[in-house]
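Subject: Structure handover

Hello,

Here is the structure I promised to pass on. Please open it alongside this note.

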Amino acid sequence: AVVSTQSTGELKAKRSQNIQRRKSIEDGYKKSEEERKLEEEERRKREAEEERKRLEEEKRKEEERAAAIERQRLKDLEDQAEAERQREEQEKRAAEEEEERKKREAEEEELRKHREEEERLRKEKEEEDARIKKAEEEEEEK
């Protein structure tokens, strides 16, 4: 009876150990399951944060590209306006130079006509003087 009680005590102790071991394994499983869930949740949060940052960076780069495109567009417009202004200025200068040239030509033409008129009048006077002189000489001969 003592042996059987001893073995019953051992059996009870073993049974108690087995229950304890199973309980600690279940606790460990539960714990590792909770840890796994927590790690999974943290991983999802980390991935979501990384995705958010990636999208923000992408958005920032797109905004920079759009701003660079807009700056270039404005610069192109300014360059175009400057080229137009220079072209108009050049046309104005060319028109002024043409006007000056025409004015000079008109003045030269006027001067030429004036000289021709003076030359004509001088010749007429010389002819008239010659006629008068000739008439005087003929008068003297008579």
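What follows is a short account of its charged side chains.

This is a predicted model: local features need pLDDT of at least 70, side-chain atom pairs count only at pLDDT 80 or more, and totals for chains, interfaces and linings use all residues. Residues are numbered from 1 along each chain as its sequence is written, and side-chain values use heavy atoms, leaving out hydrogens and water.

Salt bridges come first. The whole structure has 28 of them (a side-chain nitrogen of Lys or Arg within 4 Å of a carboxyl oxygen of Asp or Glu). One of them joins Glu40 to Arg43, with the closest N and O atoms 2.2 Å apart. Both residues lie in helix α1, 3 residues apart, about one turn of the helix. Helices here are DSSP runs (H or I, at least four residues), numbered from the N terminus. Glu40 and Arg43 also belong to a salt-bridge network with Arg44 and Glu47.

Further along, Arg122 and Glu126 form a salt bridge at 2.3 Å, N to O. They sit 4 residues apart in helix α1. Glu128 pairs with Arg131 in a salt bridge at 2.5 Å.

How exposed are these side chains? Arg122 has 38% relative accessibility, so it counts as partly exposed (buried is under 20% relative accessible area, exposed over 50%, partly exposed in between; 1.4 Å probe, protein chains only). Glu126, at 45%, is partly exposed. Arg131 is partly exposed at 48%.

Glu97, also in helix α1 (residues 2-141), is exposed at 54%.

Best wishes

Methods
Helices (H or I, at least four residues) and strands (E, at least two) are DSSP runs, numbered from the N terminus.
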